Amino acid sequence: MQRGAEVIDEHGDTVPLPVVSSGGDPEEPDRHSGQPFAPILKKVALAVAVCLVAGAGYAGLEHIANAPAGTNTRGSHQPVSTPSTDQAQAGVQRAVAGEAVLQKMADAVTSDNRSEFLNSVDPQATAFQASARMIFGNLNTLPLSSFQLRYVSEDSSGLTPDRKLELGGAQAWLAQVEVSWQLSGFDVTPARETLPVTFVTRDGKTYAASFSERFAAGQRRPIWALGPLELAKGKRSLVIGLGSETDAKSYVSVADKAVESVSKVWGKKWRQKVIVYLPAKQAQMEGILGAQPNTYTQIAAVTMAELDQPVANAPVRIVANPKLFEELGKQGRRIVLTHETTHVASNATASPVPLWLAEGFADYIAFTAVPVQDDSAAKELFKAVRAGKVPTTLPTPEAFAASAADLPQAYESAWLACRLIAEREGQDKLVAFYRAVDRSGTATGLADAFKSVLGMTEAEFVAQWQKYLKRLAGA
């Protein structure tokens, strides 16, 4: 029995970024799919499809760069030029030039000025010119309420001598650039990622020459830089597909129903909107997530915060695995999207709730929306219980690792733990329990919630849960 969804919680700086091997441009995403993850503090697969599938700022730098070199007033002394000061001044000048290019490109996007955007692209970067046309078209298609590009830092070793020679011009360099964008009607705060942008100066003018020169480990790619987009908007959802073959329109009604199902249990005090990404290739999914190749071959969908440091109200996306998502069928896709939408509503990417509660709660809502037989939904767990292997504790975080041998049992155990609370105490108590742990923010939050909401200790609950599993399994 294969489970298949995941929620990612990422924390950590993206700048400075480690050096990795160089690659090409966005039209060749497969060339960048082999980078390993950046540090991730919490990352866990969350089950859903059961038996359905076997910066640094640069304000003021222009003023510094344009300031006079010296003032020959009486008593003043000209500073002695050294290699270090010369290099620093050159770096400032490159930052100012790069920032000017980025501002021009961002202004062109917000004003829908295609020619101005393309005029910022290096005329000799033939491959990037094609990518830039695609990127501008994608950004023009998205319902953007804001779009910004901000120069963050220069990667002094980012370009090899051969690459600099290939680029030509008076100078060429690589910089990390923060890109932020906000989707109108869906995002409370902008999505943010860091892009490696190559600049080149020729004939006295600076241009952008690439948006994908050298991705670092774990560095994510914006969906709008990976290929032509197809958009479909529903009452409560926005589905963004990479290529017409993804058929974004066919997923809108399923996503809308998922929102309705979650609101029936969780309540309506959330945005009640979801954004679904539908990559056309596995490599595109890996690019969006900054993942190693084949990390998600057995995962149907992933919930991620499109922000380097996920917090409440961060823009959250559901990213589908193109192959598995299609194989799930209509019922399976509804279970997956309902599960993932639960993570969106409950802020799972930034919540302190333990993993068994996050995943079990999402499965509880998904299986409430689309009922399945216990023998199918808990097949592996029941087999273990009948063999005398009754869980002694609630599933640990390690139990949900993608490589865990007993991964299905962990998911099934978590689901039935949440269902037991709903059956014994009522669904509202289950929701109250989750909310109490979510807002606790302390190491004793779970224990406190067991006492204050359920009137028992965790040990007492585990004893009841073990009896429940035995009864359901007929052991």
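**Note on the predicted model**

1. Ser261 sits in helix 6 (residues 249-266); helices (H or I, at least four residues) and strands (E, at least two) are DSSP runs, numbered from the N terminus. This is a predicted model, in which local features need pLDDT of at least 70 and side-chain atom pairs count only at pLDDT 80 or more, while totals for chains, interfaces and linings use all residues. Residues are numbered from 1 along each chain as its sequence is written, and side-chain values use heavy atoms, with hydrogens and water left out.

2. Ser261 counts as buried because its relative accessibility is 9%; buried means under 20% relative accessible area, exposed over 50%, and partly exposed in between (1.4 Å probe, protein chains only). The side chains of Ser261 and Arg334 are joined by a polar contact of 3.4 Å. Such a contact is a pair of N or O atoms within 3.5 Å; within protein, one must be able to donate a hydrogen and the other to accept it, and residues adjacent in sequence count only if both atoms are side-chain atoms. Beyond neighbours within four places in sequence, Ser261 is in contact (heavy atoms within 4.5 Å) with Arg334, Thr338, Ile365 and Ala369.

3. Thr201 belongs to strand 5 (residues 191-202). With a relative accessible area of 11%, Thr201 is buried too. Its side chain makes a polar contact of 2.8 Å with the side chain of Thr206. Apart from neighbours within four places in sequence, Thr201 is in contact with Gly169, Ala170, Gln171, Trp173 and Thr206.

4. The largest pocket has a volume of about 450 Å³. On a 1 Å grid over the protein atoms alone, a pocket is an open set of points where a 1.4 Å probe fits, with protein on both sides within 12 Å along at least five of seven lines; lining residues have an atom within 4 Å of a point. Grid points are joined across faces, edges and corners, and the volume is the space filled by probe spheres set on the points. Of the 24 lining residues, Arg271, Asn313, Ala314, Val344 and Ala345 are the closest to the centre of the largest pocket.

5. Strand 9 (274-278), strand 11 (316-320), helix 9 (329-345) and helix 14 (427-440) each give two or more residues to this lining. Helix 14 gives the most, with 3 residues.

6. Of its 475 residues, 54% count as buried.
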